[in-house]
Amino acid sequence: MKLQDMIGLTVYEVEEGTEVGEIIDVVLDSNWNITGIELESKSFFSSHVKVVAWEDIVAYGEDAVMIRNKESIVKTDADHIPYTFLLGKNKLKDLQVLTASGTMLGRISDVYFDQKMGNTIVALEISDGLVTDLIEGRKWLPCSEGMSIGEESVLVPAMSEERLQKAINIVNG
């Protein structure tokens, strides 16, 4: 499943079966784990956001996300959120991906996680720009040991170039 596919899903709480909001972002940590979801907030001038911890998510699918109860929604200071996918100052989307040897692989366009593996990020979808995407398709880079998130880029081990090329060959036949 892609994180982009989670954005916009309706969130329900299972105790009363009521709709509690819509996902506007996904919260991550530096170890490539999803730690929660961010819900829409009516307050425009507050630095607080509404977050549901991953542990409070009972189920998620293509159409909706189910959380334990309304008490699962916690107001959090946006500055205390390590990383997000789409919004905020530490967002992953559009970060450049560089190898340790200094090769620019592209920019993050999406992030994959395997529902069977829980909340661990398994791969990055990388874009080289619209024209390259149309001609060659987007690249798929499996997450590996040693990948780190910086302020302006994601740094991947130099061997990731070979793994990326293998992934491209598999995807494009």
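**Overview of the chain.** Of the contacts in the chain with a separation of 6 or more, 48% are between residues 24 or more positions apart, a contact being heavy atoms within 4.5 Å. This is a predicted model, in which local features need pLDDT of at least 70 and side-chain atom pairs count only at pLDDT 80 or more, while totals for chains, interfaces and linings use all residues. Residues are numbered from 1 along each chain as its sequence is written, and side-chain values use heavy atoms, with hydrogens and water left out. The chain has three helices and 14 strands (DSSP runs numbered from the N terminus, helices being H or I with at least four residues and strands E with at least two). Buried residues make up 41% of its 173 residues, where buried means under 20% relative accessible area, exposed over 50% and partly exposed in between (1.4 Å probe, protein chains only).

**Close-up of the pair Tyr-60 and Phe-113.** The structure holds four aromatic pairs (rings of Phe, Tyr and Trp, the last by its six-membered ring, with centres within 6.5 Å; planes under 30 degrees apart count as stacked, over 60 as edge-to-face and the rest as tilted). In one of them, the ring centres of Tyr-60 and Phe-113 are 5.8 Å apart and the planes stand at 50°, so the pair is tilted. Tyr-60 belongs to strand S5 (residues 57–60) and Phe-113 to strand S10 (residues 104–113), so that the pair links parts of the chain 53 residues apart. Both Tyr-60 and Phe-113 are buried, and together with Trp-54 they form one aromatic cluster.

**Close-up of the pair Tyr-112 and Trp-140.** Here the ring centres lie 6.0 Å apart with the planes at 65°, so the pair of Tyr-112 and Trp-140 is edge-to-face. Tyr-112 lies in strand S10 and Trp-140 in strand S12 (residues 139–142), 28 residues apart. Tyr-112 is buried at 17% relative accessibility, whereas Trp-140, at 32%, is partly exposed.

**Close-up of the salt bridge between Asp-128 and Lys-139.** The count comes to four salt bridges, each a side-chain nitrogen of Lys or Arg within 4 Å of a carboxyl oxygen of Asp or Glu. One of them joins the side chains of Asp-128 and Lys-139 at 2.5 Å, N to O. Asp-128 sits in the loop between strand S11 (121–127) and helix H2 (130–136) and Lys-139 in strand S12, so the pair ties together parts 11 residues apart in sequence. Asp-128 is partly exposed at 35% relative accessibility, whereas Lys-139 is buried at 13%.
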